[in-house]
Amino acid sequence: MIKEREQHPNKEKKLLVSLIWNFSTELKLIFMALLVIFTLATLLPFIPSSFSLSASNFRFCISRFSSAVPVNTTTTTTKLSPENTTTTDLVDRVLDNGVIKRTFTGYGSAAYNFVSMSAYRGGVNTFAVIGLSSKPLHVYGHPSYRCEWVPLDPTQDPVSTDGFKILTDWGYGRIYTTVVVNCTFPSTTVVGGNLILHATTGDPDKNVTDSIPVLTEPPNSVDLNLYNSTKKKYDYLYCGSSLYGNLSPQRVREWIAYHVRFFGERSHFVLHDAGGIHEEVFEVLRPWIELGRVTLHDIREQEWFDGYYHNQFMVVNDCLHRYRFAAKWMFFFDVDEFIYVPEKETITSVMESLEEYSQFTIEQMPMSSKICYSGDGPARTYRNWGFEKMAYRDVKKVPRRDRKYAVQPSNVFATGVHMSQNLQGKTYHKAESKIRYFHYHGSISQRREPCRHLFNDSRVVFENNPYVLDTTIRDVGLAVKTFEMRTIGDRLLRTRQ
């Protein structure tokens, strides 16, 4: 009995060793998996919060894995049509001089031939088509456009004309560049019809034409007298660029209240949401939308097409042609910029003095969005609006500063961000004594208190830049607040940064 007890443990040990030996590979895999899990658990707190794994990432990994592992599948092969395929399409060819001729076959589309945003009638016989097109196509190719007007009345014959393309973004385009196509027909086009844009790539080997319906005009929907009338719905219309990013509701509140008061009752503001009008910003705009002073366009879908600064060149051209005959003057500037005229002037008197010009540019007054004036005391300073406390102007001498501009839109065929180069009439570049704009660069995207450095001096040097105290916009702060309260009440008093 004693011997059996002594031998039994040895048998158990041999059995355990045998099991471990037989399953050594599986145990190694288990230990390796545990090691990876513990390593990930240790490193997880140090991974940046911006890192994330989405379902698309997993699908990508799975697709890569599945493509590497042979899978039994059943496929159906289709014979290539001999009419469409030659031997040279499938194999390389050796030329007489011994050079191997390689072939390249494209599938799909690297960038669309034309991305249509809008089209508008611009007169009794002219139309404007606004959209995007592949930038490499316009840089290295020779694309062309032809317009066709097909009346809805079957007794009327279609008419065609060559389209005149205008590239408005001065070469700043990315994958896509902005294109405005002007279609001017020989005679008056009957109201009611379809405008077809025939966009040709211009490739000498594989010339492709896309026929794109860009406008449907119902019968009797347009009064042709509109294009000759001097009466306009608005005196001033603001065309805003693409609004994107995490905008500050308070800064937007200040900007809209200031300019609604500045431009007066016969003005209107068109804003374009490229992702920047989040819920809190919309609540700031809602009172003005309800009053009919602001129109908001959702253009977030344009993000699918990679153009310069969220396709702002396309957006401002759409605004130009959409409201071309609705306003006498159209302004182009940004929501961190404030227009100002001297105290003895009004916006009306200034614009009347510039009536002979189709366009004038506006000089920039650069303001710091980092340093603030503390003359009101620390407690009141933080309660002030942004333009009341950001009162230091950069006076560093530079060769040239950015300008913004205004146009009489009925004289403009296409436009840009800082000025138009496609208009009829004169441009005036020396209006700095009549009108200026104060630029609070970067302040619109700061969702926090902007004042990080307070000064109470008339001259300051900060980060090696000279600044002077300029209270031009600050001085109208009380009037703007009073105007907002009288116009929309206290709805926005609790607005946050």
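In which helix does Cys319 lie?

Cys319 belongs to helix 8, where helices (H or I, at least four residues) and strands (E, at least two) are DSSP runs numbered from the N terminus. This is a predicted model, in which local features need pLDDT of at least 70 and side-chain atom pairs count only at pLDDT 80 or more, whereas totals for chains, interfaces and linings use all residues. Residues are numbered from 1 along each chain as its sequence is written, and side-chain values use heavy atoms, with hydrogens and water left out.

Cys319 counts as buried because its relative accessibility is 1%, the term buried meaning under 20% relative accessible area, computed with a 1.4 Å probe on protein chains only. Its contacts (heavy atoms within 4.5 Å), not counting residues up to four places away in sequence, are Leu237, Cys239, Val270, His272 and Met330. Cys239 is 80 residues away along the chain, yet the C-alpha atoms of Cys319 and Cys239 are separated by 6.1 Å.

## Strand pairing

Strand 22 is largely enclosed by the rest of the structure, because four of its five residues are buried. Strands are taken to pair if DSSP finds at least two bridges between them; strand 14 (residues 337–340) runs antiparallel to strand 22 and is joined to it by four bridges, with Tyr340 having Arg436 as its bridge partner. Strand 15 pairs with strand 22 in the parallel sense over five bridges, and here Met367 stands opposite Tyr440.

Elsewhere, strand 5 (residues 144–151) pairs with strand 6 (residues 159–167) in the antiparallel sense over five bridges, and Glu148 has Ser160 of strand 6 as its bridge partner. Strand 6 also pairs with strand 7 (residues 176–184), again antiparallel, over four bridges, with Val179 of strand 7 as the bridge partner of Leu167.

Leaving aside neighbours within four places in sequence, Ile347 is in contact with Tyr236, Phe262, Phe263, Phe331, Val341 and Ile435.

## Pockets

A pocket is an open set of points on a 1 Å grid over the protein atoms alone, where a 1.4 Å probe fits, with protein on both sides within 12 Å along at least five of seven lines; lining residues have an atom within 4 Å of a point. Of its 39 lining residues, Asp334, Asp336, His439, His441 and Gly442 are the closest to its centre. Strand 10 (234–243), helix 8 (312–322), strand 15 (359–367), strand 22 (436–440) and strand 25 (465–469) each supply at least two lining residues, and strand 10 gives the largest share, four residues.

The second largest pocket has a volume of about 700 Å³. It is lined by 27 residues, of which Gly106, Gly108, Asp203, Lys206 and Val208 are the closest to its centre. Helix 4 (87–90) and helix 5 (135–140) each supply at least two residues of this lining, and helix 5 gives the most, with three residues.

Key
Points joined across faces, edges and corners; volume = space filled by probe spheres on them. Buried < 20%, exposed > 50% of the residue type's maximum accessible area, 1.4 Å probe, protein only.
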